[in-house]
Amino acid sequence: MHAAVAKCPYATAGAASPGNPHRHLSRSLLQVSAASLAKFDQSKVASLDVNAVKADLKKFMVTEQASWPADLGHYGGLMIRLAWHCAGSYRSWDGRGGCDGARQRFLPEMAWDDNTNLDKARKLLVPIKEKYGDALTWGDLIVLAGTTAIESMGAPVLGFCAGRIDDVDGTASLELGPTPEQQAVAPCTRGDGMCEQPLGQTTMGLIYVNPEGLMGNPVPKNSVAGIRSSFGRMGMNDSETVALIGGGHAFGKTHGACPTGAGPGPLKSPSNPWPGTCGSGPMKGRGPNTFTSGFEGSWTTRPTEWTNQYFRNLLGFEWVKHKGPGGHWQWKPTSRKGASGAAATADLPNIMMLTADMALLEDPEYLKYTKIFSQDLEALNTAFSHAWYKLMTRDMGPYSRCLGKAPMLPPPQPFQLQLPAPPAKLADFNAVKADVAGLLKTDTENAAKFTRLAWQCANTFRATDYAGGCNGARIRFSPQKDWPSNKGLDQVLKLLEPVKKKYPSLSWADLIVLAGTTALQQAAADAGSGSVDLKFCGGRTDAADGKGTDVLEPRSYVNASVALADNAKVMGLTPREAVALAGMLRSTAQQQSLGYSGSWASSAAGQSRQDNSYFKVLLNNIWEPSKSASGKDEFKAKGNAKLFMMPSDVAIKRSPAFAAHAGEYAKDNAKFLQALAGAWTKVMNADRFDGP
Ligand code: HEB
């Protein structure tokens, strides 16, 4: 057996708590092709002078460009919308979306209706992008442009977390829709404007709700449910939702100068998707003739200044719907509330509301916050600055992935689920390993138990938003410990308790990973057919509770093949890696405790020994669908009443891109063990962003 503790795969020399120098590169390591990895130089991003970019952005905001004139001489509103639409695609269901990756530059996001004219906003930023080159990614630039816009118009900001890594194309947004990929993973079958979970939008092609009202009907109260679910999917509660909508609409205006539209869009006209069709002459389609959403007007009388006027306006006027110049339903004030006679209607301001804005008056909770923010600017300052930072940063994962320095980089926020520091001096892992090896000898089932515990602990990791993973060992707490998929693991934790107690500086997270790793290595050695070289890298730490991990609960999919492919993608695994991990040893008793009739292994092989038997059994049998006594969908082998597979196993056989690897592993045990070792090490360390 190899000395598993010798060296972290990414250890910094001699460090007590080894770190991952690639921690900010993780998306590239896990997801993107080697070509883009080579192009991305993290040290450049780390060297970015954020204050210099901010100074340039502040100047930029008020320097008018002929190519796309600014409303009221300020690009602030446009930049805030740019950043919000970049980040607002985030959905907590699978961690997809968000501005990390800056995929708004590519299809499909580029062509979403609500991103109309944002091509102009990005073009305006090109000189700043070019000035800073690789040090400034598009993702960081877009978020910093929105954040600096807010600051430059007088609103408080919490700060900026840098370190976004640009994707090379829009592939990672395909599942956000509207695309065939999204229809496969998360179909929107309803025709009522309310797509089901997890779609981040309630109307396809929008990141939020239809501004004109549900299905385009201007009935404010009908928008309430859509707003709540749409912002809920971004991880926002009611107060954050109201602060964001009214804080955002404190700035800028809507654009719908005439009813003829913005142009054909990127799918039909990639080089100039939205030429603008309103007006004529040199200002055709631009400035006062801009058509974006087809609504026209601003929410406040001072749209380049930070105020809580939006909330005061909502509450202070009677509003009536009408069709604006762009041909869409919008709302205008008809009288002042609380005034009578001529005073009620004299000098009404030239402002507007969308049906989605009017909805904030139609729900008791939304109304409560609307009233608070209308009376208390300080309360709005706090709520808006925090909610904006969360909106921009939610997809960046743990705090340690943020580059930058205080004061621009704020301290860890609750949504970042910051872990305590690891122990200064780590336990003697070789000694721990020996104790685990002792436990393996006491019961042949322990090998499968320990590997399953480590796998269940680590497999919550999502490469999409860097959430989850075993660091923190949150699997010990609700909600994770109560998930049906984790049934029986409390018993496994109990088995390990004596070892935990023996080493005061040993974290549960390190113990769980080390126990699984030791077990897997031992099981391969016991099989006698080969060995796996597994590296262990200590330095994990334990969370105090399981807060914030509810979003990591196993997702349900339309069928097992979709689940197989999508789970692998979300975890950042290739099909080859995912298939190797499926061949991990599996205890029949544990399968039974999960509600299945049995497992694929009828003997010690596969239960306590690790070789490629799984693939032989999977490929050499005919699997017939059935149900276990407790009602679980499973498959039984034709002609062998003792052999069972789960739907996720049979999906491998039935999905060509996965089955090919299974075939290769079935033929070549050494190849399989090597692949398993690589995939195991990757999953166990995928969440390590905790280095120096
Ligand atoms: Fe907003 C704008 C809608 C939310 C910020 N928005 C806008 C518009 C619309 C809308 C339609 C117009 C466009 C044009 O240009 O035409 N929103 C909306 C909705 C919602 C929202 C529906 C949900 C409910 N926003 C929001 C948020 C934010 C915002 C959250 C932030 C925070 N917006 C905004 C701005 C603007 C807008 C800033 C302006 C732009 C300019 O100025 O350009």
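Which cysteine does a disulfide join to cysteine 457? I looked this up and found cysteine 470, with an S to S distance of 2.0 Å; I take a disulfide as a pair of cysteine sulfur atoms within 2.5 Å.

I note that the model is predicted, that local features need pLDDT of at least 70 and side-chain atom pairs pLDDT 80 or more, and that totals for chains, interfaces and linings use all residues. Residues are numbered from 1 along each chain as its sequence is written, and side-chain values use heavy atoms, with hydrogens and water left out.

**Entry: cysteine 457 and cysteine 470.** I placed cysteine 457 in helix H17 (residues 446-458) and cysteine 470 in the loop between H17 and helix H18 (489-502), so the bond ties together parts 13 residues apart in sequence. Helices (H or I, at least four residues) and strands (E, at least two) are DSSP runs, numbered from the N terminus. The S-S torsion is about 85°, so this disulfide is right-handed. Both cysteines are buried, where buried means under 20% relative accessible area, exposed over 50% and partly exposed in between (1.4 Å probe, protein chains only).

**Entry: other disulfides.** My search of the whole structure gave 4 disulfides. One of them pairs cysteine 161 with cysteine 402, the sulfur atoms 2.2 Å apart. This pair links distant parts of the chain, 241 residues apart: cysteine 161 is in the loop between helix H7 (138-152) and helix H8 (180-185), and cysteine 402 in the loop between helix H15 (377-393) and helix H16 (429-442). Its torsion of about -95° is why I recorded the bond as left-handed. I also recorded cysteine 258 with cysteine 278, at 2.0 Å between sulfur atoms. The torsion there is about -85°, so that disulfide is left-handed. Cysteine 258 counts as buried because its relative accessibility is 13%; cysteine 278 does so at 1%.

**Entry: iron.** I found a single protein donor to the iron atom of the ligand, His249 (NE2), 2.1 Å away. Donors are N, O and S atoms within 2.8 Å of the metal (3.2 Å for Na, K and Ca); water is not among the atoms, so sites may look incomplete. Histidine 249 is in the loop between helix H10 (238-248) and strand E1 (253-254).

**Entry: cores.** A nonpolar core is a set of buried Ala, Val, Leu, Ile, Met, Phe, Trp, Tyr and Cys residues joined through side-chain atoms within 4.5 Å. The largest holds 85 residues, and Trp388 is among the members that touch the most others. Beyond four places in sequence, I listed contacts of tryptophan 388 (heavy atoms within 4.5 Å) including Ile80, Trp84 and Leu244. A second, separate core of 77 residues includes Phe429 and Trp508.
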